[in-house]
Every structure is written in C-alpha cells, then in structure tokens.
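Please look over the sequence and the structure below before reading on. The briefing then turns to aromatic rings and their surroundings.

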Amino acid sequence: MLNFIKVVPFSDVWVPTLCSWIKNLNDLVYWSGNTFSKQSFTTKIFSDHLRKAEISPFAGLNDKGTLVAYGEIVRNKCEDRLNLCRIIVHPNQRGQGIGKRFTKVLIDKIQVMESCKSVRLNVLSSNHQAIACYSSLGFKKYGIIPRARRVGKTELDLIIMSKTLDFKINEEN
C-alpha cells in the first residue's frame with residue numbers, strides 16, 4: 001500500500017501519461033462526464049482544457065515522483081461553493097486509498113485557500129467505489145439527475161454530492 005502522496009500543481013509534462021489512463025469511451029465518460037464527449041479526446045484538447053481560467057488542476061505523485069492521481073478544483077459563478085472535478089487514479093493503483101488521500105488534500109487546499117462554504121462533485125451512480133470514497137470524506141448526496149450519462153447502451157444517473165466546509169485559518173501567513 002502506498003503511504004505517501006504529494007499534491008502539486010499539474011504540469012503539461014504529465015498530459016500524455018494521464019491521457020494514457022483513458023482507454024475507451026466508457027473510461028472517458030466515467031472520468032469526465034460530458035466535458036469531452038462532443039469531440040475526440042486528444043492530448044491537445046486536454047491541454048487546452050487545462051488553460052481555462054476557472055480550473056486549477058492538481059497532480060498526485062508517489063514517493064518516486066510518478067503521477068498516480070489527477071483532479072481539478074473548479075471555480076464557478078456561485079461564490080460560496082467550489083467543485084472537485086475529473087478526479088482519477090492510475091488504473092494500476094486503484095483500491096489502495098490513493099483517491100481518498102488525494103481528494104482529502106484537495107479539500108484541505110480549498111479550506112485554506114478559498115472562502116467558500118461547500119464543495120461539490122458529480123459521480124455516476126454505478127461508480128460505487130468512488131461514492132464510498134467520497135461518503136467517507138463527509139460528502140452527502142445532494143441531488144440526482146436521472147439518466148444523465150450514457151455508458152455504452154446504459155443510461156446512468158448522475159449523483160451530485162456536497163460537503164459543508166469548516167472554516168480554517170491559513171497558518172502559513
């Protein structure tokens with residue numbers, strides 16, 4: 001089991017590695033919802049996505065500096081809430097608690113850096129491992145959008161999860 005994960009701003013040098021984790025359209029939908037569904041998913045399209053002003057992308061690195069996780073803190077027009085989006089763990093590293101540790105660090109970053117009351121994320125109803133992970137971090141089901149995503153021939157519900165944040169004082173200053 002991996003005991004160390006360092007979270008750093010995502011670098012373009014990791015784009016090919018991250019994109020290699022997405023093997024097919026089902027992987028793409030589970031990871032990105034419909035963000036990339038209207039176009040072919042390429043490293044260039046993903047690199048362009050990373051340059052959007054509202055996105056703060058982060059990498060999770062193991063003790064050897066290898067990319068093992070990715071996720072985004074996304075700002076929206078609602079000032080009292082941020083979203084966690086496109087969280088993914090390297091396919092060979094899943095089931096080891098990396099996603100939970102990585103998500104917890106992202107939540108901690110939000111609590112220290114931003115003045116918002118809650119954080120939300122979306123997850124497909126069939127992604128039981130992710131739902132359990134997010135629930136263990138204090139996320140609660142906030143809403144459901146029925147048949148919001150298609151994976152193969154199956155239409156899946158989208159679960160919106162929310163976590164109320166505790167205000168933390170930035171002790172680094």
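Predicted model: local features only at pLDDT ≥ 70, side-chain atom pairs only at ≥ 80, totals over all residues.

Residues are numbered from 1 along each chain as its sequence is written, and side-chain values use heavy atoms, with hydrogens and water left out.

**Aromatic pairs**
- The structure holds 12 aromatic pairs, where rings of Phe, Tyr and Trp (its six-membered ring) pair if their centres lie within 6.5 Å, and planes under 30 degrees apart count as stacked, over 60 as edge-to-face and the rest as tilted.
- The ring centres of phenylalanine 10 and tyrosine 70 are 4.8 Å apart and the planes stand at 80 degrees, so this pair is edge-to-face.
- Tryptophan 31 and tyrosine 70 also form an edge-to-face pair, with 6.2 Å from centre to centre and 65 degrees between the planes.
- One aromatic cluster is formed by Phe10, Trp14, Trp31, Phe36, Phe41, Phe46 and Tyr70.

**Burial**
- Tryptophan 31 is buried, with a relative accessible area of 6%, and tyrosine 70 is buried with a value of 0%; buried means under 20% relative accessible area, exposed over 50% and partly exposed in between (1.4 Å probe, protein chains only).
- Phenylalanine 10 is buried as well.

**Charge over a ring**
- The charged end of arginine 120 sits over the ring of tyrosine 142, 3.7 Å from its centre, a term that requires NZ of Lys or CZ of Arg within 6 Å of the ring centre and within 35 degrees of the ring normal.
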